[in-house]
Amino acid sequence: MKRDIILFDLGNTLIYFDADWSQVLPECNAALLTALQNSGIALEEQDFLQKIDERLQAYYRQRDTEFIEYTTGYILRTLLAELGYPAVSESTVQQALRAMYAVSQAHWQVEEDAISTLEALRTKGLRLGLISNAGDDQDVQTLVDKAGIRGYFDVILTSAAQGIRKPNPRIFWNALSHWKALPTQAAMVGDTLGADILGAQHAGLLSIWITRRASKAANQSHQDTIRPDVTIAALSDVLEVI
């Protein structure tokens, strides 16, 4: 099982969310609205909050079936145009998104064994990369820095920046192209069967499923059909199988 490149997922693999998404998401949307209003965009509160929630929920469903990432920014600009604001500046949109994501970023915490595991893998001479499915590239970059793990990775890819999502094999190959490496040289560690594990297998990588925070809801429909090459309970267990 000799692999000298290890690719990692981010959320629920290297970091975890310490709150209830059903409570945090409305707070994110409210922060988004406030930032837009402070920029001089006159939005009706209840109408905007209802519509942005509907658009984002539809976006989340769509991207998990098409494996294409349109980005949260695209969804926001499209809605603002429909509400009569087609020419909102990029700086205004980005400022509003930063305010929205700051709410959720406060609830992401680094796993207690993440840094020690990454350090040990680096000490062993392994090359490390990160691939995250996310609607906003800057959000991921901020979370990586907040966790203090950027220095361990040679390459960090997001679906928002790439325009494609795991399990599309191209996003895995794009990561490997950083080293001009073959899939047989690499393993992928992640918590989601349908994205991380299936994607890794389709791309020709060794698949390692971490179950510590694996969502039962997200993985339930795949547990009888997608078989990871390796299953681990904690991130530090990677050291035992690589």
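1. Helix α8 (residues 169-176) lies across β1, β4 (127-132), β5 and β6 and runs at about 160° to β5. Contact here means heavy atoms within 4.5 Å. Axes are lines fitted to C-alpha atoms, for helices over the stretch in contact, and angles run from 0 to 180 degrees between N-to-C directions. Helices (H or I, at least four residues) and strands (E, at least two) are DSSP runs, numbered from the N terminus. The model is predicted, so local features need pLDDT of at least 70 and side-chain atom pairs count only at pLDDT 80 or more, while totals for chains, interfaces and linings use all residues. Residues are numbered from 1 along each chain as its sequence is written, and side-chain values use heavy atoms, with hydrogens and water left out.

2. The sheet comes next. Six strands, in the order β5-β4-β1-β6-β7-β8, form an open sheet with parallel pairing. Two strands pair if DSSP finds at least two bridges between them. Strands β5 (155-158) and β8 (230-232) stand at the edges with a single partner strand each, so one side of each has no neighbour in the sheet. On average, neighbouring strands of this sheet are turned by 20° against each other, direction ignored.

3. Within the sheet, strand β1 (residues 5-8) runs parallel to strand β6 (residues 186-190), and four bridges join them. Which residue of β6 is the bridge partner of I6? The partner is A187.

4. Helix α9 (residues 193-203) lies across β6 and β7 (206-210), and α9 runs at about 160° to β7.

5. Strand β7 contains S207. Is S207 buried or exposed? Its relative accessible area is 0%, so S207 is buried; the term means under 20% relative accessible area, whereas exposed means over 50% and partly exposed lies in between (1.4 Å probe, protein chains only). The side chain of S207 makes a polar contact with the side chain of Q201 at 3.1 Å. A polar contact is a pair of N or O atoms within 3.5 Å; within protein, one must be able to donate a hydrogen and the other to accept it, and residues adjacent in sequence count only if both atoms are side-chain atoms. When neighbours within four places in sequence are left aside, S207 is in contact with M188, I197, A200, Q201, P228, D229 and V230.

6. Helix α6 (residues 137-147) has D139, V140, Q141, L143, V144 and A147 buried. An α-helix has 3.6 residues a turn, so residues three or four places apart point the same way. The buried residues of α6 pack against β2 (15-17), α4 (90-105), β3 (108-110), α5 (114-123), β4 and β5. At the N-terminal end, α6 is capped by D136, with a side-chain oxygen 3.2 Å from the backbone nitrogen of Q138. After α6 comes G148, whose phi is positive, near 75°.

7. Two packed helices are described by the angle between their axes and the distance between the axes. Helix α1 (residues 21-38) packs with helix α2 (residues 45-66) at an angle of about 125°, and their axes are 10 Å apart. This makes α1 oblique to α2; angles under 35 degrees count as roughly parallel, over 145 as roughly antiparallel, 65 to 115 as roughly perpendicular and the rest as oblique. The contact is made by L25, N29, A30, L32, L33 and L36 of α1 and by E45, F48, L49, I52, D53, L56 and Q57 of α2.

8. Some backbone features in loops deserve attention. The peptide bond from K166 to P167 is cis, with omega near 20°, and P167 is placed in the loop between α7 (159-162) and α8. N12, in the loop between β1 and β2, has a positive phi near 65° although the residue is not glycine. At 24% relative accessibility, N12 counts as partly exposed.

9. K180 lies in the loop between α8 and β6. With 76% relative accessibility, K180 counts as exposed. Phi of K180 is positive, near 55°, in a residue other than glycine. The C-alpha atoms of K180 and D145 are separated by 26 Å, the two residues being 35 residues apart along the chain.
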